Amino acid sequence: MGRNDNNTAGSGQSGSDAAAASQAAFNDLYSSALYARLFQQQQQQQQQQPPKQSGYLKVQVPPGTAPGTTLHVQIPNGGGKMVAAQVPPNCSEFHVQYTL
């Protein structure tokens with residue numbers, strides 16, 4: 001007259017375990033694919049970027065400028081980029097390093 005559902009409770013849990021394992025496998029695969037894609041994009045960006053240029057600029061300290069003052073100096077041929085340089089004590093000129 002009635003159905004015996006004792007077996008469905010046990011099989012439901014193993015089905016849940018299988019679903020969780022399947023989800024975990026999918027997550028691992030997705031993560032691996034995502035990392036591979038990010039690595040590939042990073043490699044392409046590095047190939048497309050020109051090599052960085054660096055050098056030193058000679059900075060002449062304007063008269064009356066106090067030591068510790070920050071001067072913003074434009075980098076020649078740097079497309080308008082600036083470098084911040086802090087004036088050292090007791091000098092009328094100094095060098096500052098830049099990287100493009």
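Modeller: The accessible surface of the protein comes to about 8,300 Å², and 51% of that belongs to carbon and sulfur atoms. Accessible areas come from the Shrake-Rupley method with a 1.4 Å probe, and for residues only the protein chains shown count as cover. This is a predicted model, in which local features need pLDDT of at least 70, side-chain atom pairs count only at pLDDT 80 or more, and totals for chains, interfaces and linings use all residues. Residues are numbered from 1 along each chain as its sequence is written, and side-chain values use heavy atoms, with hydrogens and water left out.

Biologist: What share of the residues count as buried?

Modeller: Of the 100 residues, 14% do. Buried means under 20% relative accessible area, exposed means over 50%, and partly exposed is in between (1.4 Å probe, protein chains only).

Biologist: And in what order do the elements run?

Modeller: From the N terminus on, α-β-β-β-β, which comes to one helix and four strands. Helices (H or I, at least four residues) and strands (E, at least two) are DSSP runs, numbered from the N terminus.

Biologist: Which residues make the nonpolar surface patch?

Modeller: Phe26, Tyr30, Leu34, Tyr35 and Leu38 make a patch of about 570 Å². Patches take residues with over 30% relative accessible area and no salt bridge, joining like charges within 9 Å and nonpolar side chains (Val, Leu, Ile, Met, Phe, Trp, Tyr) within 5 Å. Leu34 sits in helix α1, residues 6–48, and counts as partly exposed because its relative accessibility is 39%.

Biologist: Switching to charges: how many salt bridges does a search of the whole structure find?

Modeller: One. The side chains of Glu93 and Lys58 meet in it, at 3.2 Å, N to O. The pair links distant parts of the chain, with Glu93 in strand β4 and Lys58 in strand β1, 35 residues apart. The term needs a side-chain nitrogen of Lys or Arg within 4 Å of a carboxyl oxygen of Asp or Glu.

Biologist: Why do those pair at all?

Modeller: Side chains of opposite charge can pair when their charged atoms come close.

Biologist: Are the two partners buried or exposed?

Modeller: Glu93 is partly exposed at 36%, while Lys58 counts as exposed at 51% relative accessibility.

Biologist: Last one, Pro88. What does it touch?

Modeller: Pro67 and Phe94, not counting residues up to four places away in sequence; contact means heavy atoms within 4.5 Å. Pro88 lies in the loop between β3 (82–86) and β4 (93–99).
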